[in-house]
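Here is a brief report on one structure. It covers a sheet, the helices packed on it and a chain contact.

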There are 2 protein chains.
Amino acid sequence: MKITVVRNVLEANDRIAQENRQLLNEKGVYVLNLMSSPGAGKTSLLEKTVSALADRFRLAVIEGDIQDTLDADRIAALGVPVVQINTQGACHLDANMTKEALGALDLELIDIIFIENVGNLVCPAEFVVGENIKVMILSTPEGADKPSKYPLMFKESAALIINKVDLLPYVDFDLEMAKKRALALNPELRIFEVSCKTGSGIDDWIRWLTLQVELFQRDAR
Amino acid sequence: MKITVVRNVLEANDRIAQENRQLLNEKGVYVLNLMSSPGAGKTSLLEKTVSALADRFRLAVIEGDIQDTLDADRIAALGVPVVQINTQGACHLDANMTKEALGALDLELIDIIFIENVGNLVCPAEFVVGENIKVMILSTPEGADKPSKYPLMFKESAALIINKVDLLPYVDFDLEMAKKRALALNPELRIFEVSCKTGSGIDDWIRWLTLQVELFQRDAR
């Protein structure tokens, strides 16, 4: 009984996600679904990424939080449109919440939407929302064992940002072990070593993301 | 429909948790449900706590993980009984999983059971399992905004361990702000500033926990 309910919820979610994707394809909008544990650096990465791409692309951000608007306020300060989703306790965004948020944006005037999911290394990976790619962050203080313990998100993501590499001298994080375990789960995973604090590694990430968006735009034409 | 299903699941969970609690009271077993984000230091705190209390109390640990036995292996190395729960994808422990794990332990020979929940700052707080107290860890790299963003766990916990204070010189963590926000949500919350790496603050935590267990044992007699 419980399993049937879960399956129906996921099937309904997939259907709405496909509708979102179709709408976004028609409008030529690229969507990135950003996921991580709480405090791994999602908003910090978005601040760096929005600043780097704002001259080249028309950007918008959807902020998913259980409650409050702290992250949305940080992003709005950069001068891009932000839509806040408060999940009222729910531990992930779903396709229906995303659909409502898309309705609050003028998709004709947007090239890329960044979706910042709820901070949670488990549940967000189970719910597609209509994104082109999922990107996840693992921060060095979390430990190199995380791919083995939370495999689904590593399997579902196109790119892994290993953030807070500036803390490597002070934490017990085996970088090579983390990469090896992540790639064992997902050999296609693209890995970037980044510090949102110092800015190191951000350029590589921006170059790769720019290429993904350009490939999408070329196919959309 | 969806809301009804969720309510039924939570009511069924509460009922089983009460049965667990009744059994544990009869056997005089104190249970601590330990929760945090992935990588905040649950297993490290348990290693320190088990080592400090093993001479005085008879201990056991229930390890909750989505998959793998990495944490259980670390705890088993300390020579205490460990039961592994693999949730097979689920993002929290529930009362029924805990009931099965309790069945694998000889409760006549145990004073304290530590339950290490799945690494997740959201969902575990919604599911009681029959514990005496919930304890949560917030690690300094996660940021001082976490109480505002994930309020339920701070509200539900009897104690907050602020871990990784050895990283304070290297991360942007406003300790006073974090404590203020946590206490605004839960004025009864007992806060400990700890480094599981250096051992600082562990003694205070052990003293407080010992007192809680002694009070429980006195009432149980």
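## Terms and model

Two residues are in contact if their C-beta atoms, placed from the backbone, lie within 7 Å. The model is predicted.

## The sheet

Chain A holds an open sheet of seven strands. Their order is S3-S2-S4-S1-S5-S6-S7, and the pairing is parallel. Strands S3 (82–86) and S7 (190–193) of chain A stand at the edges. Each has a single partner strand, so one side of each is left without a neighbour in the sheet. From one strand to the next, the twist averages 20°.

## Strand S5 and its partners

Strand S5 (residues 133–139) of chain A has six of its seven residues buried, so the rest of the structure largely encloses it. Five bridges link S5(A) to strand S1 (residues 30–36) of chain A, and the two run parallel. Met35(A) has Met136(A) as its bridge partner, and Asn33(A) stands opposite Lys134(A).

S5(A) also pairs with strand S6 (residues 159–163) of chain A, in the parallel sense and over five bridges. Here Leu138(A) has Ile162(A) as its bridge partner.

## Helix on the sheet

Helix H8 (residues 202–220) of chain A lies across S1, S4, S5, S6 and S7 of chain A. It runs at about 145° to S7(A).

Definitions and conventions:
Residues numbered from 1 in each chain as written. Chains lettered and ligands numbered in written order. Predicted model: local features only at pLDDT ≥ 70, side-chain atom pairs only at ≥ 80, totals over all residues. Buried ≥ 20, exposed ≤ 12 C-beta atoms within 10 Å, placed from the backbone. Helix = DSSP H or I, 4+ residues; strand = E, 2+ residues; numbered from the N terminus. Pairing = 2+ DSSP bridges. Axes fitted to C-alpha atoms, helices over the stretch in contact; angles between N-to-C directions.
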